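Dear colleague,

Please find below the sequence and the structure that I am handing over to you. My findings follow directly after it.

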Amino acid sequence: MFSLTEVASLSDGRAPFSTLKPWWDVFTDYLVLAMLAISIIAGTLLISTDQVVCLPVGRTSMAASGSLAPRPALGPLDGPEHDATPVGTRRELPAANSGHPTNLDYQQYLYIGQVCYHQALPWHSKYSPYLALLHALLLMVCNNFWFIYPKTFSRIELFLSILRKCFQSPWTTKALSETGCQPLEDKLGRMKPCSAQISQAGAGSQMEQASSFSSATILDRKDGEQAKALFEKIRTFRVHTEATSLLYWVYVGQTVFKVAKLLAVLGYASSSAGTIAFRHVCRPGLGDLAGHATFSCTHSLAYILQKLLLSYLALVLLSGLVGVYTLYWLLRRPLREYSFGRASEESSFRAIPNVHNDLAFLLHMADQYGPLCSKRIAIFLSTVSESQLLEIRQEHRGDYEELRRQVGRDAWGRLELRLCALPALPQAVYQMADLEVLRLECMAEVKLSAKVAQMGALSELQLSHCPATMEPMALSFLQERLRGLHVQFTDVTEIPSWLYSLKNLRRLHLSSHLCSNVLVLESLRELRSLEILLLQTKLTKLPCSMSTHLRQLCIQNDGTKLEALGVLKKMSSLQQLELLCCQLERIPPTVWHLTGLRRLDLRANGIRSLEKGAGFQHLPQLTCLKLWHNRIATLPASIGAAGSLEELVLSHNELESLPQALFALKRLRHLDLSHNLLCLLPAEIGQLGMLQQLSITGNRIRALPSQLFACLELTSLQLADNALTTVPAEIGRLVLLSRLELTGNPLESLPLELGCCPLLKETGLSVDNALFETLPSHVKQMLATPISAPSL
């Protein structure tokens, strides 16, 4: 048995979601409770007191002939109107309609009553309360299904937690009553308080309003950080919920199912209500046993069951009407789009974007609970509100001690401060005299004052999407002190005009996805001290009047074809050139004019081959050549003319063989041939006596030449993902070897001579575990023994 308290607790379990329960869902919940109460009462009555009382109709031939012995009368029975009298209290049961003895005893009446209960009573009289209970439980689940379904439950729970934080946030209660309003500027250009929101009902002078505003805009540091985190959380939640309409369709589906089910219940229950009757005629077929073929039976609970069923049908009908209204509300206007226009009109909010899909539907549902919910959310969707919060947080973050805690060191060990998404530069920054690098990101406006002269150690400024201006005194200071500048922009207007007046600037990094027709690079020739220029953009050509005294030029072109490289001929001082993702297809001929070039990197340019007449002989100082991630199939013999080459990177190409001239590079220390199509490593590899690092990973090499182990300077040997079946025993000659990679080869064993490499330890050996276990224990012990520190 269920108690009403236990049944009510089923509905109370949805209390945390009351914000998203409009009046029709709440009303339906109460109707469901009433249905449950009716079905439980009816079911309890059926279980405890339900029975039928039966009397025989007429006399049988057996009784008339006297074949049945008369039984003593148990008591008088006045008529059918006394059928409700309990059987156990009677002492004599005369035959119905005649007043004659029925010749039936008490046990026979009980038996006949049970048989007629199951045969004569319609199934509605016996089972309708149980069906009503199941229907009510199903309706309860259906009415709250979107609160139970895991995929919708997670979104709803997160939305409600965000909404609670919006109500609890001090930023909402103290400050946003003003900062969410449209700014009203006085003569000094400062924001005035919005008296319409500050004033309380029936009160307030202007002095009280001003006092209320000043106290409302005071937020401690912790409150500001919590509000900023809430802005970020709502932004992330909006992106997640606007991607789909899952909540909307689940709610529509549960409503359609609920209405269809209620209509079905009305259909079958209304037709069955009339079959519940007090009197029933029963023919149990027990003539041989009881001596009577027909019995007149009465159902004691028929009247109350009929009334309860009619009451239940009335509740079902009312629930169906509520469900039809819900469908009308869902379909009469688009609920997958929500506009804050009314909120903007009422509270002067500005810059509140419309929301869509699940977030819009949640706000529509919350509006049915109370419009204050969407207004609180709107506060944290307003860009004006966020901007005002950043201004207040800036006052706290501008504290010198707070800024000192944010100072770290960059990759070169310099003191660096990174400030992001602030409305203005904190004044406390100017007190940091030892700061070397200042990074400013995503700030609407940056203005450097003359106080920057207090930052004597400042040598590099990085601006990421930050239009920056400065006072004349600040510019004079930076012209003398600034050595590095990094500007990342999406619009040409973000390039500071004062950039071209930094006469002592040595390193400049410009990053954008714009094409060259908006890049004004010609003015860079005015930067006489500029030595390093990095361009991460989409250039189609280099300007002819570009600075010619550079020592390092790096262009990362993001797959855009770069042409017109004639200006490189004029860069006689260039020592390092990097042309990355420029779709060159060959080494530009102008490169051979750079006689002082030391490093050349042409990664990812689609180069298919090197010309036979490649002028490496014109680059006598070239020490590093990187042609990786191209489509080079062959190397010309002219590669041997680069006699000063120490590092050669040819990985991720299509090389099938190596020329003899390659092994004439006697100074080569680092050779990377990984991820090519090599099947053979020439024996001439042994001529590279100074080789320290060799990588042939990802090729098709089946065997290693013994001459390779004549390169006694080798410290790193990367042989992974080839077709090696054995490793020569000569590997023990490499006494300086500390790194060996052999994974991905069909090796069956490892040479015992690995123990002869004193610097090779288990941490530097990359092999399969099963292969490592094939080594003898003394060799594994030698590989596991750490290298002892030299004695002092």
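This is a predicted model: local features need pLDDT of at least 70, side-chain atom pairs count only at pLDDT 80 or more; totals for chains, interfaces and linings use all residues.

I begin with glutamate 531, which is partly exposed at a relative accessible area of 26%; partly exposed denotes the range between buried (under 20% relative accessible area) and exposed (over 50%), computed with a 1.4 Å probe on protein chains only.

Residues are numbered from 1 along each chain as its sequence is written, and side-chain values use heavy atoms, with hydrogens and water left out.

Salt bridges

The structure holds 12 salt bridges, a salt bridge being a side-chain nitrogen of Lys or Arg within 4 Å of a carboxyl oxygen of Asp or Glu. Glutamate 531 takes part in one of them, with arginine 551 as its partner and 2.8 Å between the closest N and O atoms. Arginine 551 lies in the loop between strand 14 (532-538) and strand 15 (552-556), and glutamate 531 in the loop between strand 13 (507-515) and strand 14, so the pair ties together parts that are 20 residues apart in sequence. Strands (E, at least two residues) and helices (H or I, at least four) are DSSP runs numbered from the N terminus. Arginine 551 is partly exposed, with a relative accessible area of 34%.

A further salt bridge joins the side chains of glutamate 416 and arginine 439, at 3.8 Å from N to O. Because glutamate 416 lies in strand 7 and arginine 439 in strand 8, this pair ties together parts that are 23 residues apart in sequence. Glutamate 416 is buried at 15% relative accessible area, whereas arginine 439 is partly exposed at 24%. Salt bridges that share partners join Glu416, Arg418, Arg439 and Glu441 into one network.

In the salt bridge between aspartate 29 and lysine 21, the N to O distance is 3.0 Å. Both aspartate 29 and lysine 21 are buried.

Cysteines and positive phi angles

How many disulfides does the structure hold? There are 0, where a disulfide is a pair of cysteine sulfur atoms within 2.5 Å. For cysteine 420, the closest cysteine sulfur belongs to cysteine 442 and is 4.9 Å away, which is too far for a bond. Cysteine 420 is partly exposed, with a relative accessible area of 27%, and cysteine 442 is also partly exposed, at 44%. By contrast, cysteine 711 is buried, at 0% relative accessibility.

Cysteine 442 sits in the loop between strand 8 and strand 9 (446-448). Most residues other than glycine have a negative phi. Cysteine 442, although not a glycine, has a positive phi of about 50°. Histidine 675 is not a glycine either, and has a positive phi of about 60°. Histidine 675 is placed in the loop between strand 20 (670-672) and strand 21 (693-695) and is partly exposed, at 37% relative accessibility.

Helix 16 and asparagine 357

Helix 16 (residues 357-369) includes asparagine 357. The helix has 13 residues and reaches 19 Å from its first C-alpha to its last, close to the 18 Å expected at 1.5 Å a residue; the expected span is 1.5 Å times one less than the number of residues. Since 10 of its 13 residues are buried, helix 16 is largely enclosed by the rest of the structure. Among the buried residues are Leu359, Phe361, Leu362, His364 and Met365.

Asparagine 357 is itself buried, with a relative accessible area of 18%. The side chain of asparagine 357 makes a polar contact of 3.0 Å with that of serine 245. A polar contact is a pair of N or O atoms within 3.5 Å; within protein, one must be able to donate a hydrogen and the other to accept it, and residues adjacent in sequence count only if both atoms are side-chain atoms. Beyond its neighbours within four places in sequence, asparagine 357 is in contact (heavy atoms within 4.5 Å) with residues including Thr241, Glu242, Leu335 and Arg336.

Alanine 433

Alanine 433 lies in the loop between strand 7 (415-420) and strand 8 (437-441) and is partly exposed, at 41% relative accessible area. Alanine 433 and glutamine 454 are 21 residues apart in sequence, with 6.0 Å between their C-alpha atoms. Neighbours within four places in sequence aside, alanine 433 is in contact with Gln454, Met455, Gly456 and Ala457.
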